[in-house]
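Trainee: Before reading any single feature, I would like to see the model and go through it step by step.

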Amino acid sequence: MRNSFHSINHRLFLLFLFCMSGILLIVSVLYYSRTTEQYHEKISDLSQKNVAQTVGLFSLLYEGYDSLSKSITNNFEMIRLLNEKTDEPAVAYINEQSITNIIGAIFYSRDDLVGIHVITNRGKIYNYGNSMNVLDPSYPEEDWYHQLRNSSGKLVWLGVYSHSLIDLAEDSPVFAFGRQIYDLNEHKPIGIVLYEVNPGPVLGALDNLKLGEHSEVYLVNQQGQVVSSLTEPAPMLDDLPKLDAARNLVVEQEGSGITVASRLPFSDWSVVSVTPRQDLNVELLETKRYLLIVISILIIVSAVVASIVSRTIANPLKKLIREMRQVEIGNFRGMVNVSSYQEINILVASFNRMVSRIEELIERVKISSVSEKNAELQALQSQVNPHFLYNTLDMIYWMLDEKENDRLGELVLSLSSMFRYSSEWKDGAKVTLREELEQINHYLTIILIRLEGRLRVEKTIDERWLDIRLPKMTVQPIIENAVKYGLESLKRQGVLKLYTQEVGDVLKIVVEDNGNGMTAERLAWLKQSINGPGPKESGTGSSGIGLQNLHRRLQHMFGERYGLEIESIPDQGTRVAVVLPLPMEGDVAT
């Protein structure tokens, strides 16, 4: 483990990884810091814009509600009817209906009105609303009543309430406002008017201030009381920003969040928005999460790149080291093939040239040594020259011919030809089928004489295939096995057939006999033996080894598809086919 850590591969990997990861982390931290600063600046600007927009919405609401409230306080007929005193019940009834009709007309002029309540100083109350009115008898003690009675005639916003201020039958939320009613002739107060409308526009304007899901928005009066809030129940706020004549807008950013307060231009009320840090940091948290994912991916990519770069340097050196160890134990056959940086390529090329030169020198030494051995063998072989044997057999043949012993002479001549054919192995030991058949004829001549009429030979060879090339001594070993193991011990007339057969794109030279055949076990063993080392069997002779060598020679010359095919049936005979590639048109023996 220690040696592995000190390897150039690990050192380069760690170096590249730390450098790339360090740069990545520094850039990410700087980017996140700058993004946080810019984000807080944008939040502050957005808060101020939201406040300005909300103030504008409240200004529009104020103008609309102010105009609505003046529809009664500036109505001369309404003021006349409220001031008129009469003892006639009919006139009083008509006046009440007229007042109710005026209030109803105003009520139906807008869709957001919940109720209109006119209360005179004489204690007379006129109502118009969505349902039958059930008045609260204790309204004179309520704070809102005193606010309206003490006002100077301007519109007074009372705030958002969960139910009507005076109508016990109305339990839906309302926004209440009102003003004092003055006698336009004598300029004295004669009563008050209370409006209750749907609080949706007010709450919508407050909702415009929310910067996040958990933001809290309040409408605060001049006494610091929460008039309206999006949070129920309304909280008690003690640490609101202080607004004075010099500051109508305050934005405070603290560790807990951001607080924005602005005074409404038409009253001493103010709107306050409090947004906790968790809402402000939502986008920052997403940015942080995104950065962490990207950094993790980039670190993995950096590790992969560092691994690839370090291996491109270290792997060629490792291959060079492994090959040098092979050279140490005497193996000079290997060559290092790498494609890396220029310096490493030069080093590997120099090593290959050195190993090649060493191998060349060793081969020269081997060749010199072999030449000396061959010279010694040739000196021994020259003592018994094969040509001496050929000439001696030829001399015996002519002596028998002079004595007219033709049969024995033919036997000697065939033996001489076989000996000459089998002892000459040149040019890769390739011959034509014609030459192989001549050798087979000599062999069969000897066999026919030896078996004395117990064997009949049938040959059917297509002349088109006489010039094809095949390994020397291909057919003769097969015929020899057929005679030795199938026909020689036969008690009946033996038949040996030799013929060619064209099957698809292959040519088969078939040796077929009607001899003893083989059992299934013997046939399976033989097929296994010719395709590789098979199990040894006592008494099998050398037929398996001879056929195995022949099969390998054929595959070596023509390919794995070709070789020997063997079929056999006990007491019926054996069929062995030499499978060769069919020569292409125009091919000639060379």
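Predicted model: local features only at pLDDT ≥ 70, side-chain atom pairs only at ≥ 80, totals over all residues.

Mentor: Residues are numbered from 1 along each chain as its sequence is written, and side-chain values use heavy atoms, with hydrogens and water left out.

Trainee: How many helices and strands are there in the chain?

Mentor: The chain has 15 helices and 17 strands; these are DSSP runs, H or I of at least four residues for helices and E of at least two for strands, numbered from the N terminus. Of its 590 residues, 39% count as buried, meaning under 20% relative accessible area with a 1.4 Å probe and protein chains only, while exposed means over 50% and partly exposed lies in between.

Trainee: Which residues touch the most other members of the largest nonpolar core?

Mentor: In soluble globular proteins, nonpolar side chains tend to be buried together. A nonpolar core is a set of buried Ala, Val, Leu, Ile, Met, Phe, Trp, Tyr and Cys residues joined through side-chain atoms within 4.5 Å. Here the largest has 42 residues, and F58, Y65, I72, I116, V118, W157 and F177 touch the most other members. Helix α2 supplies the largest share of this core, 9 residues. Another core, of 38 residues, lies apart from it and includes I447, W465, L490 and L564.

Trainee: Why does D66 count as buried?

Mentor: D66 counts as buried because its relative accessibility is 14%. D66 sits in helix α2 (residues 8–73). Leaving out residues up to four places away in sequence, D66 touches L155 and R179, where contact means heavy atoms within 4.5 Å.

Trainee: Which residues of helix α14 are buried?

Mentor: An α-helix has 3.6 residues a turn, so residues three or four places apart point the same way. In α14 (residues 520–530), the buried residues are R522, L523, W525, L526, S529 and I530. They lie on the same side of α14 because they cover an arc of only 160° around the axis, the arc being that of the directions from the helix axis to the C-beta atoms. A520 and E521, on the other side of α14, are exposed.

Trainee: What gives the most to the lining of the largest cavity?

Mentor: Rolling a probe the size of a water molecule over the atoms shows where empty space is left. Strand β1 (residues 113–120) gives the most to this lining, with 3 residues.
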